[in-house]
Structures are given as structure tokens and as C-alpha cells.
Amino acid sequence: MDPLHTQHGMPESEAAAEARRLIDDWAAKPVHHHPTSFRDDTAPPAFGTTPPVQQPDHRIVPAWAAGIAVASIGVGAGITGIGCGAWLVLQGLSSVTLTGVLMATLPFAAVAMVATAIGGAISKARAVVTKNVFEGPVTHHTEIHNNSTTRGAFFARTRNEIR
């Protein structure tokens, strides 16, 4: 018994006619398109009635503090390199201990930190305070409110409503 060539149910001509009817029913239904995004293509006005607004420069970390931090990291890496170099040069001598090497490199680290602090103080004293005033065109701002709700745990269904 060959399952590929035995006939189950209706004859082949009736099966083809039923398949054609199902495809035609499906093709006759309209396709619903749901927009997934919106873009406002209207051009912004060349100028507006809103006066320029002062936009002060607020940074999380001041520039002088970031400079001192970077310099401190560099000084630390340099002193570590000098200390490692001194340790490698002097490691063959039995009288040299780790404490002795640290005490020998301590003055270099102190001088480097003082130089970094003086440079930071000079840089901060020379810093110019800037006040930025925006004088460009006023742009149009469009807000999109997206309400998203999710129901279910494993087979979750998310519903988005864009207004």
C-alpha cells in the first residue's frame, strides 16, 4: 500500500476546485494596514515670535575637574611604571625590599601630584565663563503619545495605541 498514491477523501479535480474557492475567498477580503510610525513632513517656520532663550552650559563634571582626573590617572600610571622599572633593576640585590622601593619612588609621586594640583589651579584661574545664547530658528516640536499595554506572562500580547 503506497500512502502517496492512494486517494483519501475527494477526487483530485474536486480538491483543486475547493482549493481555488478557498484562495479566491481569501483574496477577496481587504488587507488591513496598521501604521507603525508617523512623520510630520511640514516645514518648520523660518522664524518665530519666541525670543532667544539663554542656554547655560551645564555639565556633569567641570572641565577643570576632568582634566585633573585624567592627569592624575596619567601620573599614577607613570609612577607605577617607574616603580616597576626600579623594582626590576633592583630585584637582583638582596638588600632591596619592597618597602625600600616604595620609599624611593614616594618623592617622585609627591612631586608629580603637586605639579598636577598646581596645573589644575592655574587652569581653573584662567578659565573663561561662557554664556551661550541660542539665536537660531525656532523649530516645530511634535509629541507622540504611545500607550503600550502588555497582558500575559509566557504568551504575552502587547497592544500599542498611538495618538
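Visitor: How do I read the contacts here, and what share comes from residues 24 or more positions apart in the protein chain?

Guide: A contact means heavy atoms within 4.5 Å. In the protein chain, residues 24 or more positions apart account for 53% of the contacts with a separation of 6 or more. Some ground rules: this is a predicted model, where local features need pLDDT of at least 70 and side-chain atom pairs count only at pLDDT 80 or more, while totals for chains, interfaces and linings use all residues. Residues are numbered from 1 along each chain as its sequence is written, and side-chain values use heavy atoms, leaving out hydrogens and water.

Visitor: Where in the protein chain is confidence lowest, and where is it highest?

Guide: pLDDT is the predictor's confidence in each residue, from 0 to 100. Where it is low, the predicted coordinates should not be read in detail. The protein chain averages 80, and 87% of the residues score at least 70. Strand β2 (residues 157-162) has the lowest confidence, a mean of 71, and helix α1 (residues 12-28) the highest, at 91.

Visitor: Which order do the elements of the protein chain follow from the N terminus on?

Guide: Helices (H or I, at least four residues) and strands (E, at least two) are DSSP runs, numbered from the N terminus. The order is α-α-α-β-β, which comes to three helices and two strands. Take α2: its 28 residues reach 40 Å from first C-alpha to last, close to the 40 Å expected at 1.5 Å a residue. That expected span is 1.5 Å times one less than the number of residues.

Visitor: What are the buried residues of α2, and what do they pack against?

Guide: Buried means under 20% relative accessible area, exposed over 50%, and partly exposed in between (1.4 Å probe, protein chains only). In α2 the buried ones are Val 75, Ile 79 and Gly 83, and they pack against α3. Over in helix α3 sits Thr 105, which counts as buried because its relative accessibility is 10%. Leaving aside residues up to four places away in sequence, Thr 105 touches Ile 82 and Gly 83. Across the protein chain, buried residues make up 5% of the 163 residues.

Visitor: Which residues form the nonpolar patch on the surface?

Guide: Patches are made of residues with over 30% relative accessible area and no salt bridge; like charges are joined within 9 Å, nonpolar side chains (Val, Leu, Ile, Met, Phe, Trp, Tyr) within 5 Å. Here the patch consists of Trp 87, Leu 88, Leu 98 and Leu 102, with about 450 Å² of accessible area together. Both α2 (63-90) and α3 (98-126) supply at least two residues each. Leu 88, in helix α2, is exposed because its relative accessible area is 56%.

Visitor: How many salt bridges does a search of the whole structure find?

Guide: Side chains of opposite charge can pair when their charged atoms come close. The cut-off: a side-chain nitrogen of Lys or Arg within 4 Å of a carboxyl oxygen of Asp or Glu. The search finds four. Glu 18 and Arg 21 meet at 2.5 Å, N to O, and Asp 25 bridges to Arg 21 at 3.0 Å between the closest N and O atoms. So Glu 18, Arg 21 and Asp 25 are linked in a network.

Visitor: Why are Glu 18 and Arg 21 separated by about one helical turn?

Guide: Because they are three residues apart in helix α1. Asp 25 and Arg 21, four residues apart in α1, are also about one turn of the helix apart.

Methods: Accessible areas come from the Shrake-Rupley method with a 1.4 Å probe; for residues, only the protein chains shown count as cover.
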